[in-house]
Structure formats: structure tokens, C-alpha cells
Amino acid sequence: MDWIEDPLLGDESPANYREIREGIKPIQLAVGNLMWGNSRFHSLINEGGADVIQPELQWAGGLTAGLRIAAMARGRGLPVIPHTAGVYSYHFTMAHIEAPFAEYYVPGDGTRVKPKEHVIIGEPPPIDGYVTLSGEPGFGIELDRNLLVPFG
């Protein structure tokens with residue numbers, strides 16, 4: 001086991017995270033998918049509250065916030081591995097030395113990687129453990145407009 005992920009809610013103090021981090025060594029503590037915005041990461045990183053930083057990019061504020069979080073982590077030598085899978089996380093991972101790999105999670109039967117079934121078309125699945133990104137505009141994805149329901 002490499003790490004334990006988010007054992008506390010995102011608004012806990014860095015001291016509480018640090019206490020858990022010290023208590024589970026040599027297992028690492030990964031933190032961040034329950035935090036919104038990039039400012040919450042500042043004290044967590046600077047006060048030693050995590051071994052692995054895992055922002056959920058869509059919740060943390062998008063790629064701009066991800067860039068800010070990565071810059072903070074870089075100063076402390078911490079890896080940034082975006083939480084969960086997705087084309088935004090893949091692009092972030094490919095662009096940052098602090099991101100040694102990406103997560104990929106999809107429910108299934110355990111025998112093969114199945115594509116996600118949601119409103120996004122064109123999200124690349126991993127093949128033999130690797131993801132190939134599109135060079136097309138908009139991250140190479142589109143909305144499946146057939147699944148959208150009019151609001152009203």
C-alpha cells in the first residue's frame with residue numbers, strides 16, 4: 001500500500017492531518033480530493049500535512065488552480081497526483097513533473113477497462129496502462145448532446 005487517501009474532511013486543520021501522517025508511516029498520506037479552491041492547500045502543504053497532494057481538479061478550481069497547487073507542492077518536493085480519472089487530470093499529469101502518474105478508476109467487472117459512460121465523448125481510455133491524449137481543441141472531447149435534458 002502506497003498511501004491512505006483523505007481520512008478526514010477537507011476543512012480539518014493541518015495539525016490533524018500531520019498527526020495522522022506521522023501515525024501511519026511508512027505509509028503515505030494523500031490529501032486533497034475533498035478540498036475546494038487552491039488556497040486550502042497552502043497551509044496543508046506548508047505545515048507538513050500530506051505526503052501526496054491529490055486535488056480534484058474540477059472541485060479545486062480547474063487547471064488554473066491546479067497550476068497554483070502544483071507550484072506550492074513543487075516548493076516542498078511533494079508529488080501531485082490529481083484525484084480520479086479524466087481528460088483534465090491526464091493533461092495536467094502530462095504537463096507536470098510533479099505528477100508522476102494519473103489515477104484511473106472505473107467501476108466494472110474486474111476483467112477489463114471499460115470506457116466511462118457519461119455525457120463526455122472522446123475521453124481516452126488507458127491501453128496497456130498508458131493514455132494517449134488528443135491534440136484536438138477542447139481537450140479532444142465533446143458533449144453527447146443526446147444525453148442532455150432540457151432544463152425547464
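Is phenylalanine 139 buried, partly exposed or exposed, and what is its relative accessibility? In this predicted model, phenylalanine 139 has a relative accessibility of 27% and counts as partly exposed. The residue lies in the loop between E4 and E5. Its phi is positive, about 65 degrees, although phenylalanine 139 is not a glycine.

A second residue of this kind is aspartate 128, which is not a glycine and has a positive phi of about 55 degrees. Aspartate 128 is placed in the loop between E4 and strand E5 (142-143). With a relative accessible area of 74%, aspartate 128 is exposed. Most residues other than glycine have a negative phi, and most peptide bonds are trans. A cis peptide bond is present between lysine 25 and proline 26, with omega at about 15 degrees. Proline 26 belongs to the loop between H1 and E2.

The protein chain contains 5 helices and 5 strands. Read from the N terminus, the order of its elements is β-α-β-α-β-α-α-α-β-β. The C-alpha trace spans about 50 × 40 × 30 Å along its principal axes. Of the 152 residues in the protein chain, 36% are buried. Among contacts with a separation of 6 or more, 53% are between residues 24 or more positions apart. Mean pLDDT for the protein chain is 86, and 93% of the residues reach 70 or more.

In H1, the buried residues are Pro14, Tyr17, Arg21 and Ile24. Viewed down the axis of H1, these residues fall within an arc of 100 degrees, so they line one face of the helix. Glu19 and Gly23, on the other side of H1, are exposed. The cover over the buried residues of H1 includes strand E1 (3-5), E2 and H2.

In helix H2 (residues 39-46), the buried residues include Arg40, Phe41, Leu44 and Ile45. Because they cover an arc of only 120 degrees around the axis, they lie on the same side of H2. An α-helix has 3.6 residues a turn, so residues three or four places apart point the same way. Glycine 48 follows H2 and has a positive phi, near 70 degrees.

The largest pocket holds about 240 Å³ of space. Its lining is formed by Tyr90, Thr93, Met94, Phe101, Ala102, Glu103, Tyr104, Pro126, Gly129, Tyr130, Val131 and Leu133. By class, 9 of the lining residues are nonpolar, 2 are polar and 1 is charged.

Conventions. Residues numbered from 1 in each chain as written. Predicted model: local features only at pLDDT ≥ 70, side-chain atom pairs only at ≥ 80, totals over all residues. Heavy atoms only, no water. Buried < 20%, exposed > 50% of the residue type's maximum accessible area, 1.4 Å probe, protein only. Helix = DSSP H or I, 4+ residues; strand = E, 2+ residues; numbered from the N terminus. Arc of directions from axis to C-beta. Contact = heavy atoms within 4.5 Å. 1 Å grid on protein atoms, 1.4 Å probe; cavity = no way out; pocket = protein on both sides within 12 Å on 5 of 7 lines; lining within 4 Å. Points joined across faces, edges and corners; volume = space filled by probe spheres on them. Nonpolar A, V, L, I, M, F, W, Y, C, P; charged D, E, K, R; others polar. pLDDT = per-residue confidence, 0-100.
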